[in-house]
Amino acid sequence: MTDKNYDSILKMIRNRFHAEDGKFVPLHAPTFAGNEKRYLEECIDSTFVSSVGAFVDRFERDMAAFTGAKRAVVCVNGTNALHMALMLAGVERDDEVLTQSLSFIATCNAISYIGAHPVFIDVDYDTMGLSPDALRSWLKENTERDGDGTLRNKKNGRRVKAVVPMHTFGHPCRIDMIADICDEYGIELVEDAAESIGSWYKGKHTGTFARVGAISFNGNKTITTGGGGMLLFNDEKLADYAKHLTTQAKVPSRWEFVHDHIGYNYRMPNINAALGCAQLEEIDGFLKSKRETAEVYKNYFSGSDDGVRFMAEPENSVSNYWLNAVAFPSREDRDRFLEYSNDHGVMTRPIWELMWRLPMFEDCERDSQENTIRLADTIVNLPSSVVL
C-alpha cells in the first residue's frame, strides 16, 4: 500500500467526523448530549455522592430493562465486575478457566485475582470471539472426569471450572453454541460483555446468555459512567448475593457494623450512576450514529482495491460497533498505516497484544491460535466516536 492509499482512508475518516480542517480525530471520545450535567447537579445537591443513592438504584433498574436481564448490579469498574462474576461462578484458586488470548488484559487479570489459570482457546475469524469449535476440540482432547465426576485437565489434574468468551469490539461471538458446550461438559459460563452494551445475538442482549455477565462503562465505551461496570443476572438470588458481597458483605442494620462474609468494596458511587442514567437515555441515538459510521467504513472498503477488509457484524447479530475494525493484508501494511495515521492526527490502534505473549501468561496452556495470530497481525481499530 502507498501513502496515496493511506491519504484516501484518512480523508474519508476526517469527512465522517467533521475534521476536514486537520483537527485531531480520537479513537473513541465520550459524548455528553443529554441530562448529564442536570443529573450530576441533582446528585451533588442531594449530598448522596458515594455508594448509596437514588441514581444507583435507577441505573440498575434501567440497565436490566434495556438488556432484558432479570437484575443488574453496579460495580466500580468492569474488571471488578469480571472478578466478582468468576467468584459467583465458583472459580477457585488453581482452577482452570478457558478464555481467549485476543482480549483486553482485564479478562486475564480477573482470573488471576482468584489464583486461577487461564487456558487460551482460538477465536473465530469473523466474530473475533471465542470459537465453539476450538473450545469443543480442546475439551475433547485435553479433559477427563475423575472418580467424583469432576472435569480435569489430563496433563496437570487441575479442575476445569469455567469458560469466559468475550464479545470483541462489540461483535457477538457464537455464545449460544458456547453455552451448549458448557452445559454438555458441566462447566460454568461467564460472559465478558464489557464492550458490547447495545449488541444483540439472535434477538437477545449480550451478557444475558449466562447466569452472570459483565459490562464496562469506562470512559471510552459506548456509554460511560467515567469508570464503572455492571453485573447482569438471570438469577434473582445470585444477584442479591452479588449485591451483598460488593457492598462489603454488610448485614443491614440501622447502626451496627456487622459483616458475614469477606466482602468487597466494589460499589459504584451514586455520582457515577447519575452520569450512567443520563447516558443510557441517549443510547439509541448513540447506537444509530455508530452504525451509520460502520456503514460509511463498510461502503468505503468494499469499493476499494487496497486489500483492506472491514470486519462487519457476524451473522445473526446486531453489533454496537463499539470500535470499528479493519484487517490489513499483512502486518507490514498494518504497521505502516498505524504510523502514518497517528503521525497525521488520526488516532488508530492495533488489537491488544496477545495474552500469552505477555510475561505473566507466557507459560499458560494454549491451542494452535491460528485465527488469533492472524487477527493480531492485521487488525486496526479506526475512529468510532458518536457523531452528533
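**Helix 9**

I took contact as heavy atoms within 4.5 Å. Buried here means under 20% relative accessible area, exposed over 50%, and partly exposed in between (1.4 Å probe, protein chains only). Helices (H or I, at least four residues) and strands (E, at least two) are DSSP runs, numbered from the N terminus.

I noted that this is a predicted model, where local features need pLDDT of at least 70, side-chain atom pairs count only at pLDDT 80 or more, and totals for chains, interfaces and linings use all residues. Residues are numbered from 1 along each chain as its sequence is written, and side-chain values use heavy atoms, with hydrogens and water left out.

Next I checked the span of helix 9. Its 12 residues, 270–281, reach 17 Å from first C-alpha to last, close to the 16 Å expected. The expected span is 1.5 Å times one less than the number of residues.

**Ile271**

I picked Ile271, which lies in helix 9. Ile271 counts as partly exposed because its relative accessibility is 28%. Leaving out residues up to four places away in sequence, Ile271 touches Leu40, Cys43, Ile44, Val49 and Ser50. I also looked up one C-alpha pair: Ile271 and Val49 are 222 residues apart along the chain, yet 5.0 Å separates these atoms.

I turned to an open sheet of 3 strands, in the order 9-8-13, with antiparallel pairing. Strand 9 (204–205) and strand 13 (317–318) are the edge strands, each pairing on one side only. Two strands pair if DSSP finds at least two bridges between them. Strand 8 (residues 200–201) meets strand 13 in the antiparallel sense over 2 bridges. Trp200 stands opposite Val318 of strand 13.

**Cysteines**

I searched for disulfides, meaning pairs of cysteine sulfur atoms within 2.5 Å. The count came to 0. The sulfur of Cys108 has its closest cysteine sulfur in Cys364, at 7.1 Å, which is too far for a bond. Cys173 is in no disulfide either; the nearest cysteine sulfur, that of Cys182, is 10 Å away. Cys108 counts as buried at 0% relative accessibility. Cys173 is buried, with a relative accessible area of 0%.
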